[in-house]
Every structure is written in structure tokens, then in C-alpha cells.
Amino acid sequence: MQLVCIRCGRPLVEGGNVGPLCLECFIETHRILCVPERLEFDYCRYCGSIRIGYKWVEGGELGEASAKFLERHLSEHVEPCVKEVESFRLESVEPLTAPSWRTMYRVVFSARLRGVDRAVRVSYTVEVRAKPTICPACKDARGGDYNVLLQVRGEKPAKLAKVLSPLLESSRQLANSIVDIVEYGNGVDFLLLDRGSASKIVRQLRKYYRVRLGATGEDVGITSRGRLRRRLVLSLHLLEERRR
């Protein structure tokens with residue numbers, strides 16, 4: 001006697017059903033994974049950092065930061081909603097609306113279900129809201145402090161300004177991260193709030209020059225919690241222009 005799905009009446013196929021339900025009906029009637037419908041996170045409107053737990057990490061522009069927070073949350077906090085799930089993994093995160101303080105995403109997972117021979121794909125819609133705030137590093141910078149010193153040597157400031165101007169005009173995060181720029185005869189010092197902004201400048205200059213990069217640190221005081229505070233010092237030497 002052919003067994004049929006108790007919901008739709010279609011014949012059940014070995015390796016393609018979950019208990020008394022066919023695979024299609026099981027997915028329609030059960031929430032496979034406990035994916036939240038709404039999430040929100042703290043986003044520093046000056047440097048683009050995002051808060052993960054008790055730590056602030058590099059986020060980037062608003063759209064990039066929102067997607068990064070969502071992917072990290074889904075990778076670390078999603079759990080099965082039904083006992084039939086044996087394993088699952090995140091496949092994709094796709095924005096459904098233009099990046100903003102409130103962005104809608106479609107997230108897709110693949111999952112292995114007990115009794116089913118193949119992996120199934122399930123999708124969910126998640127609303128992600130960014131809460132504009134100021135990270136501790138930027139609060140310090142409002143008083144003229146900074147966390148990264150990028151020393152660029154080997155080119156005149158006017159030429160560096162020409163090379164970097166497209167980046168500075170397109171990246172709000174970088175513009176907000178710059179506390180000051182000090183010019184010298186053979187280069188400039190960038191006083192920055194975060195490492196991500198320094199990395200963007202270095203990547204841009206590498207398109208035009210062969211470079212040598214060094215990194216050190218310097219003690220700059222004590223935090224409010226009594227910990228030693230250090231500043232990253234990056235020394236970028238421009239050796240020669242690349243042929244373009």
C-alpha cells in the first residue's frame with residue numbers, strides 16, 4: 001500500500017519525506033531554523049565601527065557594516081527550530097532594499113533533515129536596523145586624540161592628494177576617521193581613528209606605487225579602566241611609481 005502525505009495526499013517517497021509529511025509540506029508548515037525577523041546593532045557614525053558584544057570592530061560603510069553584523073549574528077546565534085535538523089549552514093545574504101539605517105535582507109540556509117537524502121534550502125527575511133552612536137575611540141578623538149598614525153613618505157603632499165582624492169571623496173567612513181593630516185616635504189602623516197581607514201589608504205597607494213610597510217606601537221596613556229592604551233604606528237615608504 002502506497003503511503004501518502006497526511007496534508008496534501010501526495011505519495012511519500014523514501015528519502016524524500018519527513019515522518020508522515022512530504023518534504024514540501026514539512027517546509028511549509030515548520031520553521032526549520034530560528035532566524036530572527038529583526039536585528040539591530042550599534043554603528044559609530046564617525047568611523048563606521050560596529051559593536052559585537054562588548055567589543056567594537058571594524059564595520060565599514062553603512063551597507064557593508066550592516067551585512068557584516070548580520071552574517072556574524074547568523075553564523076553564531078542561529079539554532080534549529082525542529083529536532084529533524086541534523087546540520088545547516090549559511091549560504092547567502094542578499095539586501096532587498098538599498099542600504100540604510102533600516103535594511104531588509106533575504107538570507108538563505110542549506111539544511112540536512114533526518115530522513116531526507118538531499119540538502120534543502122530555506123530562506124528568511126530579516127530587517128536589520130543600525131543605531132547611530134559614537135564608539136569610545138571617536139569620543140576620545142573629539143578631544144583631538146587618535147588611534148592610528150599612518151606615516152607616508154616618498155612623495156610630495158600635492159601628488160598624494162591627487163592620488164587619494166577619489167578615495168577620500170567616495171568613503172564617508174574614511175573622511176570621518178581622519179582627525180588630522182600633517183604635511184611634510186616628502187610625505188604626510190594621517191592621524192586616524194581606526195585601522196580600517198589606514199588599510200584603505202594603503203590599498204589605494206599600492207595601486208600607484210611599490211611600497212614597503214612597517215608597523216610598530218607606542219604607549220599613549222591609560223584607559224578609564226586602568227589599562228595601558230597603545231597607538232598603532234604604520235610607516236609606508238613609497239619606493240617607485242608603478243607603470244600604468
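This is a predicted model: local features need pLDDT of at least 70, side-chain atom pairs count only at pLDDT 80 or more; totals for chains, interfaces and linings use all residues.
Ser-171 counts as buried because its relative accessibility is 5%; buried means under 20% relative accessible area, exposed over 50%, and partly exposed in between, with a 1.4 Å probe and protein chains only. Ser-171 sits in the loop that joins α4 (157-170) to α5 (172-177). Helices here are DSSP runs of H or I with at least four residues, strands are runs of E with at least two, and both are numbered from the N terminus. Beyond residues up to four places away in sequence, Ser-171 touches Glu-61 and Lys-200, where contact means heavy atoms within 4.5 Å.

Residues are numbered from 1 along each chain as its sequence is written, and side-chain values use heavy atoms, with hydrogens and water left out.

Pro-36 is placed between α1 (23-29) and β3 (38-44). Is Pro-36 buried or partly exposed? With 23% relative accessibility, Pro-36 counts as partly exposed. Its contacts, again without residues up to four places away in sequence, are His-73, Thr-125 and Val-126. Thr-125 is 89 residues from Pro-36 along the chain, yet their C-alpha atoms are separated by 8.7 Å.

Next, the interior. In soluble globular proteins, nonpolar side chains tend to be buried together. A nonpolar core is a set of buried Ala, Val, Leu, Ile, Met, Phe, Trp, Tyr and Cys residues joined through side-chain atoms within 4.5 Å. The largest such core in this model has 38 residues, and Ile-32, Leu-33 and Val-35 are among those with the most contacts inside it. Elements that each supply at least two residues of this core include α2 (62-77), β6 (85-95), β7 (102-113) and β8 (120-133). A second, separate core of 20 residues includes Leu-167, Leu-174, Val-188 and Leu-236. As for Ile-32, its contacts outside four places in sequence include Phe-26, Pro-80, Leu-113 and Tyr-124.

Finally, the whole chain. The protein chain holds 6 helices and 13 strands, and 41% of its 244 residues are buried. Its C-alpha atoms fill a box of roughly 90 × 50 × 30 Å along the principal axes. Among contacts with a separation of 6 or more, 59% join residues 24 or more positions apart.
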